[in-house]
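Please take me through the pockets of this protein in the viewer, one selection at a time. Tell me what to select at each stop and what is there.

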Amino acid sequence: MKLRVQNDRRDSKRALKLRESPAVMQPNPSERGVLAGNGLSLNLQPELLTGTPFTATAAAAASNADSSEVRVSMTGASGDSNGGASSRRSRVNSHTHSHAHPHSHGHSRGQLHSNSEPELDPPDPDGDSGEPSASLTELRCLFRWIQKSLPFLVILCAKLVIQHVLGLAVGVGLLTTFLYVNKNIQTQVFLQDRHSKLRCIWLLVFLISSTLLLYYTFLSETLYFSLIFLSPTIEPLGFWEILWAVGITNFIIKFLFMGIKCLILLVPSALVTYRTQGRWLMLTEELGQVHQATAPVPLWFRYLVSYQDSDGVSGLTTGVLLALFYLILKLLGLYNQRTSLLKTVRIFLAGEVSSAATRAQCSEAGDVCPICQGEYRDPRVLICQHVFCDKCIALWFNREKSCPLCRTVITDKVYKWRDGATSPHLQIY
């Protein structure tokens with residue numbers, strides 16, 4: 001009876017150990033001798049395999065473990081002397097691994113959990129390149145602000161247009177008049193002897209009527225004083241008023257010299273040849289640009305000096321200094337323009353850059369103009385001995401300064417205003 005109780009206690013302890021251990025395969029102690037010889041024998045506990053709870057009745061039946069064990073024998077070669085040792089090492093390693101498995105499993109779970117924690121926070125897309133996204137955000141904010149402020153901006157622009165509708169209408173009218181007349185004058189110059197006298201008269205009348213209508217509309221401001229370097233009677237004398245008066249004066253000066261070009265075109269070709277006509281047109285445009293540059297000086301000088309009078313002596317002194325600085329800059333600009341004017345006058349007085357070609361020179365050139373591919377009409381020979389028609393080479397030198405064939409430089413200045421064009425540059429200061 002004592003022996004049975006001891007066996008039951010031993011078996012119950014053994015069962016508790018088996019429950020604590022996750023391994024399902026335990027070696028049979030009686031087979032240790034066989035392991036050293038031929039192979040490996042493992043005992044599979046049926047209650048662990050079936051997963052049934054280990055109860056007191058099962059503990060009683062555990063005494064007959066020898067009869068209920070399932071043996072798996074792994075045998076190696078009989079001549080392998082290292083089989084037993086390797087099988088022992090594998091058994092010990094498997095046993096150690098079976099004990100270390102829960103810890104490693106728990107550690108791996110903890111590691112996975114720790115690795116998965118940073119993924120909860122999404123990566124910042126602007127970490128490396130925060131500048132583009134910031135700029136896009138600013139653009140979106142600006143677009144939204146413009147979208148919200150668009151009605152107010154439309155109302156403000158409408159108010160400004162209504163308030164300055166007369167000045168805007170005058171500016172648009174002057175611009176369209178200039179573009180129309182300038183294009184027609186260039187066309188008439190290009191037609192040479194075939195230009196229409198009636199068309200030139202119409203352009204002249206159109207310019208005169210536009211100028212008189214403008215000055216009559218603003219008669220109280222006396223804007224025509226600016227043409228003779230006097231200040232108009234504009235009150236109050238503010239920045240926008242000065243800018244408006246300078247712009248109108250600049251267009252009127254353009255109209256004045258464009259009218260002179262129309263008069264040059266009305267001169268019969270028997271009195272003025274095409275080449276002489278081009279030189280007069282070039283000189284007229286250079287003089288017109290000088291006039292446009294000097295006309296705004298009295299207006300800006302008066303504005304800079306008198307605009308600070310209400311501030312006392314200190315304001316007046318500041319205004320005088322600003323006016324003197326403006327005059328210095330204007331004199332430097334006029335000095336550069338003086339150089340261009342002197343070159344133009346020199347070309348106008350020097351006459352032709354080519355001379356009349358003889359019959360022998362025309363025969364050597366083949367009696368065919370390289371530009372128009374026709375017979376020579378009033379042939380001219382350049383310093384490089386190439387022969388061209390007078391009108392053909394005159395048109396060429398309106399935009400070039402070298403020979404069309406050999407590219408020898410004939411003159412140091414392009415005769416760019418000989419085609420009757422007027423500079424569209426608006427001289428504000």
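What volume does the second largest pocket have? In this predicted model, the second largest pocket has a volume of about 380 Å³.

To find this pocket, select Gln192, Asp193, Arg377, Lys391 and Cys392, which are the closest to its centre among the 16 residues that line it. Next, select helix 15 (residues 390-396), which supplies the largest share of the lining of the second largest pocket, four residues. Colour the lining of this pocket by residue class: seven residues are nonpolar, three are polar and six are charged.

Now colour the chain by domain, with domain 1 as 147-349 and domain 2 as 354-410. Where does the second largest pocket lie relative to these domains? Both domains give residues to its lining, so the second largest pocket lies between them.

Move on to the largest pocket, which holds about 690 Å³ of space. Select His164, Gly167, Leu168, Trp240 and Trp244: of the 24 residues in the lining of the largest pocket, these are the closest to its centre. Then show helix 8 (165-190) and helix 10 (239-266), the elements that contribute two or more residues to that lining.

Which helix gives the most to the lining of the largest pocket? Helix 8 does, with nine residues.

Note on methods
Residues numbered from 1 in each chain as written. Predicted model: local features only at pLDDT ≥ 70, side-chain atom pairs only at ≥ 80, totals over all residues. Heavy atoms only, no water. 1 Å grid on protein atoms, 1.4 Å probe; cavity = no way out; pocket = protein on both sides within 12 Å on 5 of 7 lines; lining within 4 Å. Points joined across faces, edges and corners; volume = space filled by probe spheres on them. Nonpolar A, V, L, I, M, F, W, Y, C, P; charged D, E, K, R; others polar. Domains from an automatic or database assignment.
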